[in-house]
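Welcome! Have a look at the sequence and the model below, and then we will walk through a few of its features together.

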Amino acid sequence: MAIKIFVPIDDAACSVGANEVALEIKTEAEKNNIDIELVRNGSRGMLWLEPMVEIEIENIRYAFGPVSKNDVKDLFAQEFYKNNTHPLALGETEKLPWMKNQQRITFQRVGVIDPLSISDYESHGGLTGLRNALKLTGEQIVSEVTESGLRGRGGAGFPAGIKWRTVLKTENSQKYVCCNADEGDSGTFADRMLMEGDPFTLIEGMTIAGIAVGANKGFIYIRSEYPAAIKTMTNAIKIAKEFGLLGASVLGSDKSFDLEIRAGAGSYVCGEETAMLESLEGKRGVVRAKPPLPAIEGLFNKPTIINNVLTLASVPMILSEGAQMYKNLGTEKSKGTQVFQIAGNIKQGGIFETPFGVTLNELVNNYGAGTLSGKKIKAVQVGGPLGSYIPVNKFDTAMDYESLASIGGMLGHGGVVVFDETVDMAQQAKFAMEFCVEESCGKCTPCRIGSTRGVEVIEKIINGQNKAENVHLLLDLLDVMTDGSLCAMGGLTPLPVRSALENFPEDFALVSSPNGAQ
Amino acid sequence: MGNSTTKFQPFSKEAALNLIAPFARVEGPVLLALQATQKEFGYVDRDAVEVIAEVCNVSIAEVHGVLTYYSDFRTIPAAKIEVKVCVAEACQSVGSRKLVADASAALNTKMHSQSMDESVQLNQVFCLGNCALGPAAMVDEKLVGRATGEKIAEIVSQIKKEYA
């Protein structure tokens, strides 16, 4: 019988040589006359171990890593497919501390299955949710999603069920489901890994959304920086159409649903839902004023569900296992699991899915094992470029929407970026403003002009010019941007700046945090 | 798409019209038409803007507006190979500022410009989604983890060989 060997095809794994390892494994197997079945799976999310090779013996998977192409010859010489004694052997994959302590719901199949095998998908629980949904009314599906407590995973955390109900109740012959896969936050890659590792989950989730609210067409807006994800999703949609999952008759029912991919073109603000709609319509990605809500007047002015990849990918599981199961996970107000992405200067970075409420300390120090550089941690930025810099003394904060808000932070898309003690927080504050200059859509003044003024005034503080006065001016500017911007771009850029200033006044050569310095 | 020695097709208004004509039937076509144009010719020629406006039944100003809004688009003929270095926070934390300098030196190219022989274009990008294996870079569509100037230059020279 052929020996099953898994080598990830995830782009992060390929970025450190997974393709070369796969090729070498094929060559060595042929040379040694060993019958293998090579599966290119998604990544298990232990990115520091990539390329991580797995073998399957009696339905149990064993991991080896990180494997370089130069290790392959020796792996075969020591018959790694038979025993677990090679120096690169890590043991049973599921029993590794990183895996064992997670509760994978959204990511349950990522890294496990062949991403483009629909039979693999089905045999691992895929399509059950959709089959259940097809027996329900739209109202019942929406109620199930509402009941689960699922909140938007893009950043804002808005309850998905409420959004869906608005679209359901809005009468129109044409409605849309749009998936926001414009994952632009630095430190986040869960959307990308899900699309590359388990694309049918997203397709199934969007199809359920379409059936629930009466939309027959969906768009996935993927950023152009993710060519591999675009390729995998495109292939998956093609396969789903051939299979009858998508098309005029979804799984043989009287419901129709079709999907199309549109790529972004290098604009961060297009991750904001209304800017994304403009971009999907082929226009400049300029933010729209709300109301009208996209749920009422969205894409091409039609009622539109807009959800993030992880939100939609959580839906099949809710419909297959029931709302109650999902609801039992997490904290009182933050239900279910969150896919954390541990990144930056970190020894063990990757995907960690766990119920809400885990602390930053557990994520960064226990699972992440501290910095890559071996130096002390100085700050962690949670929630992408618009998130706060959190100092080490606040590491016991629980990671849920409410607790983070209480310390002036936000969870965003679940990105956790670690910085060691060499970071200069005044430079990071300045970068936050520079980023806003680059990426502002230009519609509203506080964001468009405020960001440029912000860069200037931070420079002056760094250079020691009229320090007290300029700090005062900066704080005033941050208030104006927070209160006066149309969307999160201008509205949240003050978060990293303010948190840097308040938590690390010494980096601005201030004797105490800003209120004392005035 | 072109063959291995040319990658991009030479621009002509006629070729652009053939390429863009089908977009007349698409909803919200302008961005798609611009993306298709850049993929085919490597950049968006001034004449292509006119063709897109005509086919999509919008003003030249509108097409120009979309073209200049998105950082992916180029309006001058492109170098064969594009190198993008991530300069966002996660990569900053593991030395992207140094990587920018190293890549510039290794490729003999300044940021946002082309090498002397016009074969390589160096750009910065905010996030490639490889934030646990930074600093990250991308050479054409090949993602590079734990990138160094040397590693990038090596991949560039490999690709150059394929084109030669």
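Let us begin with a pair of helices in chain A: α17(A) and α18(A) are roughly antiparallel to each other, because their angle falls in the class over 145 degrees. This is a predicted model, in which local features need pLDDT of at least 70 and side-chain atom pairs count only at pLDDT 80 or more, while totals for chains, interfaces and linings use all residues. Residues are numbered from 1 along each chain as its sequence is written, and chains are lettered from A and ligands numbered from 1 in the order in which they are written.

**The helix pair in chain A**

- Helix α17 (residues 425–439) and helix α18 (residues 445–462) of chain A have axes that come within 8 Å and cross at roughly 160°; axes are lines fitted to C-alpha atoms, for helices over the stretch in contact, and angles run from 0 to 180 degrees between N-to-C directions.
- Helices here are DSSP runs of H or I with at least four residues, strands are runs of E with at least two, and both are numbered from the N terminus.
- The crossing of α17(A) and α18(A) is left-handed (the near helix is turned anticlockwise from the far one by less than a right angle; clockwise would be right-handed).
- Among the residues that meet are Ala429(A) and Met433(A) in α17(A), and Val455(A) and Ile458(A) in α18(A); contact asks for C-beta atoms, placed from the backbone, within 7 Å.
- The residues of this contact comprise nine nonpolar, three polar and three charged (Ala, Val, Leu, Ile, Met, Phe, Trp, Tyr, Cys and Pro count as nonpolar, Asp, Glu, Lys and Arg as charged, and the others, Gly among them, as polar).

**A helix pair in chain B**

- Helix α3 (residues 46–56) of chain B packs with α4(B) at an angle of about 120°, their axes 8 Å apart.
- The crossing of α3(B) and α4(B) is right-handed.
- Val49(B), Glu50(B), Ile52(B) and Ala53(B) of α3(B) touch Ile60(B), Val63(B), His64(B) and Leu67(B) of α4(B).
- By class, that contact has six nonpolar residues, one polar and one charged.

**Where the chains meet**

- Chain B brings 34 residues to the contact and chain A brings 47 residues.
- On the side of chain B that touches chain A, α2 (30–41), α4 (60–69), α5 (89–92) and β5 (142–144) each supply at least two residues.
- The largest share of that side, four residues, comes from α2(B).
- That side of chain B has 21 nonpolar, eight polar and five charged residues.

Definitions and conventions:
Two residues are in contact if their C-beta atoms, placed from the backbone, lie within 7 Å. Angles under 35 degrees count as roughly parallel, over 145 as roughly antiparallel, 65 to 115 as roughly perpendicular and the rest as oblique.
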